[in-house]
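The model is a predicted one.

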Amino acid sequence: MSTEKKPLEKVCLICAKGSLEDVYASLVMANGAVMEGIETNVFFTFFGLDGITKKAMNHLHTATTGNPAMRMPGGLPFPTMLGGLPGVESAVSGMMRKQMEALDMPPVDEFLEMITAGGGKIYACKLAIDMFKLKKEDLSDEVSDIITIGEFYEMCDGDRTQIIFT
Amino acid sequence: MSVKTIAGVAVNVSEDGYLEDMNQWNEEIAKEIASEIGIELTPKHFEVLNYLREKTKAKESLTIRGVGKSGIVDIKELYKLFPKGPLKFSSKIAGIPKPTSCI
(Lines give C-alpha, C1' and ligand atoms only; values in the text may rest on other atoms or scores of the structure.)
Protein backbone atom coordinates (compact mmCIF):
# COMPACT_ATOMS: atom_id res chain seq x y z
CA MET A 1 0.00 0.00 0.00
CA SER A 2 1.31 3.40 -0.89
CA THR A 3 1.51 6.08 1.77
CA GLU A 4 2.38 8.80 -0.71
CA LYS A 5 0.41 11.98 -0.08
CA LYS A 6 -1.75 13.15 -2.93
CA PRO A 7 -2.57 16.79 -2.23
CA LEU A 8 -5.42 18.55 -3.98
CA GLU A 9 -4.30 20.33 -7.10
CA LYS A 10 -7.47 22.05 -8.21
CA VAL A 11 -10.70 23.17 -6.58
CA CYS A 12 -13.74 24.21 -8.61
CA LEU A 13 -16.50 25.88 -6.62
CA ILE A 14 -20.06 26.53 -7.73
CA CYS A 15 -21.98 29.21 -5.86
CA ALA A 16 -25.69 29.07 -6.69
CA LYS A 17 -27.22 30.95 -3.76
CA GLY A 18 -27.11 34.63 -2.93
CA SER A 19 -27.40 34.82 0.84
CA LEU A 20 -24.56 36.28 2.87
CA GLU A 21 -23.54 32.91 4.30
CA ASP A 22 -23.69 31.04 1.00
CA VAL A 23 -21.58 33.56 -0.86
CA TYR A 24 -19.05 33.83 1.98
CA ALA A 25 -18.80 30.05 2.25
CA SER A 26 -17.72 29.98 -1.39
CA LEU A 27 -15.36 32.93 -0.97
CA VAL A 28 -13.67 31.58 2.15
CA MET A 29 -13.16 28.18 0.54
CA ALA A 30 -11.90 29.74 -2.69
CA ASN A 31 -9.48 32.10 -0.94
CA GLY A 32 -8.34 29.29 1.35
CA ALA A 33 -7.55 27.13 -1.66
CA VAL A 34 -5.60 29.92 -3.37
CA MET A 35 -3.61 30.49 -0.17
CA GLU A 36 -2.70 26.78 -0.13
CA GLY A 37 -1.36 27.04 -3.65
CA ILE A 38 -4.30 25.13 -5.14
CA GLU A 39 -5.57 26.17 -8.57
CA THR A 40 -9.01 27.67 -8.00
CA ASN A 41 -12.03 28.38 -10.22
CA VAL A 42 -15.32 29.77 -8.92
CA PHE A 43 -18.52 29.68 -10.96
CA PHE A 44 -21.37 31.95 -9.86
CA THR A 45 -24.82 31.01 -11.07
CA PHE A 46 -28.50 31.74 -10.43
CA PHE A 47 -29.00 33.81 -7.24
CA GLY A 48 -25.31 33.33 -6.51
CA LEU A 49 -24.74 36.01 -9.16
CA ASP A 50 -25.54 38.59 -6.46
CA GLY A 51 -22.09 37.76 -5.07
CA ILE A 52 -20.39 39.20 -8.17
CA THR A 53 -22.92 41.86 -9.21
CA LYS A 54 -21.55 45.34 -8.42
CA LYS A 55 -24.87 46.67 -7.11
CA ALA A 56 -25.62 43.72 -4.81
CA MET A 57 -22.34 42.19 -3.71
CA ASN A 58 -21.60 44.39 -0.71
CA HIS A 59 -25.18 44.37 0.56
CA LEU A 60 -25.92 40.66 0.84
CA HIS A 61 -28.50 39.55 3.36
CA THR A 62 -28.93 36.59 5.60
CA ALA A 63 -32.47 35.19 5.92
CA THR A 64 -34.16 36.15 9.20
CA THR A 65 -37.26 34.07 8.42
CA GLY A 66 -37.11 30.38 7.62
CA ASN A 67 -33.70 30.18 9.24
CA PRO A 68 -33.92 27.95 12.32
CA ALA A 69 -30.29 28.63 13.26
CA MET A 70 -30.94 32.37 13.64
CA ARG A 71 -30.48 33.54 17.25
CA MET A 72 -30.84 36.81 19.10
CA PRO A 73 -27.65 38.32 20.50
CA GLY A 74 -27.17 36.27 23.67
CA GLY A 75 -28.36 33.04 22.12
CA LEU A 76 -32.16 33.15 22.56
CA PRO A 77 -34.23 31.91 19.61
CA PHE A 78 -35.08 34.55 17.01
CA PRO A 79 -38.89 34.74 16.59
CA THR A 80 -39.91 34.17 12.98
CA MET A 81 -42.60 36.87 13.28
CA LEU A 82 -39.93 39.40 14.20
CA GLY A 83 -37.76 38.34 11.29
CA GLY A 84 -40.51 39.30 8.87
CA LEU A 85 -40.81 42.91 10.01
CA PRO A 86 -39.56 45.55 7.57
CA GLY A 87 -35.90 46.42 8.09
CA VAL A 88 -35.11 43.55 10.44
CA GLU A 89 -33.33 41.44 7.84
CA SER A 90 -31.32 44.44 6.73
CA ALA A 91 -30.31 45.33 10.29
CA VAL A 92 -29.39 41.75 11.22
CA SER A 93 -27.34 41.39 8.03
CA GLY A 94 -25.55 44.65 8.76
CA MET A 95 -24.69 43.43 12.25
CA MET A 96 -23.42 40.19 10.83
CA ARG A 97 -21.19 41.98 8.34
CA LYS A 98 -19.75 44.05 11.19
CA GLN A 99 -18.91 40.94 13.19
CA MET A 100 -17.27 39.43 10.13
CA GLU A 101 -15.23 42.57 9.57
CA ALA A 102 -13.98 42.28 13.16
CA LEU A 103 -12.54 38.86 12.25
CA ASP A 104 -10.77 40.45 9.28
CA MET A 105 -13.26 39.00 6.80
CA PRO A 106 -13.30 41.51 3.97
CA PRO A 107 -16.35 42.86 2.13
CA VAL A 108 -17.24 40.84 -0.96
CA ASP A 109 -15.57 43.15 -3.50
CA GLU A 110 -12.28 43.05 -1.61
CA PHE A 111 -12.56 39.28 -1.08
CA LEU A 112 -12.89 38.77 -4.84
CA GLU A 113 -9.77 40.91 -5.35
CA MET A 114 -7.87 38.79 -2.82
CA ILE A 115 -8.80 35.63 -4.71
CA THR A 116 -7.75 36.95 -8.11
CA ALA A 117 -4.58 38.51 -6.64
CA GLY A 118 -3.46 34.97 -5.84
CA GLY A 119 -4.36 33.67 -9.29
CA GLY A 120 -7.89 32.35 -8.58
CA LYS A 121 -10.42 32.73 -11.39
CA ILE A 122 -14.00 33.97 -11.12
CA TYR A 123 -16.66 33.11 -13.71
CA ALA A 124 -20.31 33.94 -14.24
CA CYS A 125 -22.88 31.49 -15.65
CA LYS A 126 -24.12 32.49 -19.09
CA LEU A 127 -27.58 31.01 -18.69
CA ALA A 128 -28.20 32.82 -15.40
CA ILE A 129 -26.79 36.09 -16.79
CA ASP A 130 -29.27 35.86 -19.69
CA MET A 131 -32.09 34.99 -17.32
CA PHE A 132 -31.47 37.94 -14.99
CA LYS A 133 -30.76 40.21 -18.01
CA LEU A 134 -27.34 41.20 -16.70
CA LYS A 135 -24.35 42.40 -18.72
CA LYS A 136 -20.62 41.99 -18.24
CA GLU A 137 -20.39 45.60 -17.04
CA ASP A 138 -22.86 44.88 -14.22
CA LEU A 139 -20.37 42.41 -12.80
CA SER A 140 -17.30 42.91 -10.63
CA ASP A 141 -14.12 43.65 -12.58
CA GLU A 142 -12.63 40.53 -11.01
CA VAL A 143 -14.90 38.31 -13.14
CA SER A 144 -12.79 36.78 -15.92
CA ASP A 145 -15.57 35.70 -18.21
CA ILE A 146 -19.18 34.67 -18.72
CA ILE A 147 -19.16 30.98 -19.61
CA THR A 148 -21.43 27.94 -19.95
CA ILE A 149 -21.45 25.11 -17.44
CA GLY A 150 -19.88 22.93 -20.14
CA GLU A 151 -16.94 25.29 -20.42
CA PHE A 152 -16.63 25.29 -16.63
CA TYR A 153 -16.50 21.49 -16.54
CA GLU A 154 -13.71 21.61 -19.11
CA MET A 155 -11.72 23.61 -16.54
CA CYS A 156 -12.35 20.93 -13.92
CA ASP A 157 -10.11 18.30 -15.51
CA GLY A 158 -7.31 16.52 -13.68
CA ASP A 159 -7.38 13.63 -11.24
CA ARG A 160 -6.69 15.70 -8.13
CA THR A 161 -9.59 18.07 -8.73
CA GLN A 162 -12.66 18.56 -6.57
CA ILE A 163 -15.92 20.25 -7.47
CA ILE A 164 -17.69 21.85 -4.51
CA PHE A 165 -21.27 23.10 -4.73
CA THR A 166 -22.56 25.58 -2.18
CA MET B 1 8.53 18.06 18.16
CA SER B 2 11.98 17.22 16.90
CA VAL B 3 15.38 18.82 16.70
CA LYS B 4 16.70 19.83 13.31
CA THR B 5 19.94 21.47 12.37
CA ILE B 6 19.28 24.47 10.15
CA ALA B 7 22.16 26.68 9.01
CA GLY B 8 24.41 25.06 11.63
CA VAL B 9 22.03 25.71 14.53
CA ALA B 10 20.06 22.98 16.29
CA VAL B 11 16.47 24.20 16.53
CA ASN B 12 13.20 22.65 17.71
CA VAL B 13 10.74 22.24 14.89
CA SER B 14 7.14 21.03 14.66
CA GLU B 15 6.06 18.07 12.56
CA ASP B 16 5.45 20.46 9.64
CA GLY B 17 8.88 22.06 10.00
CA TYR B 18 7.84 25.29 11.76
CA LEU B 19 10.17 26.62 14.44
CA GLU B 20 8.83 25.95 17.94
CA ASP B 21 10.64 28.91 19.45
CA MET B 22 10.76 32.08 17.37
CA ASN B 23 13.75 33.32 19.40
CA GLN B 24 15.94 30.59 17.90
CA TRP B 25 15.48 32.24 14.50
CA ASN B 26 18.10 34.20 12.60
CA GLU B 27 18.48 35.37 9.02
CA GLU B 28 20.67 32.42 8.03
CA ILE B 29 17.98 30.01 9.23
CA ALA B 30 15.43 31.99 7.22
CA LYS B 31 17.55 31.68 4.09
CA GLU B 32 17.93 27.95 4.50
CA ILE B 33 14.22 27.28 5.11
CA ALA B 34 13.42 29.51 2.13
CA SER B 35 15.79 27.67 -0.18
CA GLU B 36 14.20 24.36 0.86
CA ILE B 37 10.88 25.80 -0.31
CA GLY B 38 12.55 27.21 -3.42
CA ILE B 39 12.49 30.90 -2.54
CA GLU B 40 15.51 33.18 -2.67
CA LEU B 41 15.13 35.91 -0.07
CA THR B 42 15.44 39.59 -0.98
CA PRO B 43 15.33 42.64 1.34
CA LYS B 44 11.58 42.89 0.53
CA HIS B 45 11.09 39.34 1.81
CA PHE B 46 12.79 40.31 5.06
CA GLU B 47 10.52 43.33 5.48
CA VAL B 48 7.54 40.98 5.36
CA LEU B 49 9.23 38.45 7.67
CA ASN B 50 10.04 41.11 10.24
CA TYR B 51 6.47 42.41 10.08
CA LEU B 52 5.11 38.91 10.70
CA ARG B 53 7.50 38.39 13.61
CA GLU B 54 6.54 41.71 15.21
CA LYS B 55 2.84 40.91 14.91
CA THR B 56 3.41 37.46 16.38
CA LYS B 57 5.36 38.92 19.29
CA ALA B 58 2.47 41.32 19.91
CA LYS B 59 0.17 38.25 19.87
CA GLU B 60 -1.88 39.65 16.99
CA SER B 61 -3.51 37.21 14.60
CA LEU B 62 -2.14 37.12 11.10
CA THR B 63 -4.18 37.21 7.91
CA ILE B 64 -3.06 37.91 4.36
CA ARG B 65 -5.52 40.80 4.44
CA GLY B 66 -3.59 42.27 7.36
CA VAL B 67 -0.28 41.89 5.54
CA GLY B 68 -1.87 43.47 2.47
CA LYS B 69 -2.79 46.51 4.54
CA SER B 70 0.59 46.72 6.30
CA GLY B 71 1.96 49.17 3.75
CA ILE B 72 4.87 46.82 2.98
CA VAL B 73 3.30 44.82 0.15
CA ASP B 74 -0.13 44.41 -1.36
CA ILE B 75 -1.64 40.94 -1.60
CA LYS B 76 -0.58 40.45 -5.20
CA GLU B 77 3.04 41.24 -4.30
CA LEU B 78 2.81 38.94 -1.29
CA TYR B 79 1.84 36.06 -3.60
CA LYS B 80 4.77 36.96 -5.86
CA LEU B 81 7.22 36.88 -2.94
CA PHE B 82 5.86 33.63 -1.50
CA PRO B 83 4.20 31.75 -4.37
CA LYS B 84 1.58 29.14 -3.44
CA GLY B 85 1.85 29.91 0.25
CA PRO B 86 1.63 33.64 1.04
CA LEU B 87 1.01 33.10 4.75
CA LYS B 88 2.13 29.49 5.21
CA PHE B 89 5.57 29.79 3.63
CA SER B 90 6.23 33.28 4.95
CA SER B 91 5.39 32.13 8.50
CA LYS B 92 7.63 29.10 8.15
CA ILE B 93 10.54 31.23 6.93
CA ALA B 94 9.87 33.85 9.63
CA GLY B 95 10.28 31.18 12.29
CA ILE B 96 6.79 31.68 13.71
CA PRO B 97 4.05 29.05 14.25
CA LYS B 98 1.90 27.70 11.41
CA PRO B 99 -0.89 30.21 10.71
CA THR B 100 -4.23 29.38 12.28
CA SER B 101 -6.30 31.86 10.28
CA CYS B 102 -8.64 30.87 7.43
CA ILE B 103 -8.25 34.20 5.67
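## The sheet of chain A

In this predicted model, chain A holds an open sheet of 5 strands, which follow one another in the order E4-E3-E2-E1-E5 and pair in the parallel sense. Strand E4 (143–147) and strand E5 (161–165) of chain A each have a single partner strand, so that one side of each is left without a neighbour in the sheet, and these two strands stand at its edges. On average, and with direction ignored, neighbouring strands of this sheet are turned by 20° against each other.

Strands of a sheet pair through backbone hydrogen bonds, in either a parallel or an antiparallel manner. In chain A, strand E1 (residues 10–15) and strand E2 (residues 39–44) are joined in the parallel sense over 6 bridges, and A:Val11 stands opposite A:Thr40 in E2(A).

Helix H1(A) packs on the sheet, where it touches E1, E2 and E5 of chain A, and the direction of H1(A) makes about 170° with that of E1(A).

## The contact between chains A and B

Across the interface, 12 residues of chain A are in contact with 13 residues of chain B. On the chain A side, the elements that give two or more residues are helix H1 (20–35) and helix H4 (108–117), and the largest share, 4 residues, comes from H1(A).

By residue class, the side of chain A that touches chain B divides into 6 nonpolar, 5 polar and 1 charged.

Terms used: Residues are numbered from 1 along each chain as its sequence is written. Chains are lettered from A and ligands numbered from 1 in the order in which they are written. This is a predicted model: local features need pLDDT of at least 70, side-chain atom pairs count only at pLDDT 80 or more; totals for chains, interfaces and linings use all residues. Two residues are in contact if their C-beta atoms, placed from the backbone, lie within 7 Å. Ala, Val, Leu, Ile, Met, Phe, Trp, Tyr, Cys and Pro count as nonpolar, Asp, Glu, Lys and Arg as charged, and the others, Gly among them, as polar. Two strands pair if DSSP finds at least two bridges between them. Axes are lines fitted to C-alpha atoms, for helices over the stretch in contact, and angles run from 0 to 180 degrees between N-to-C directions.
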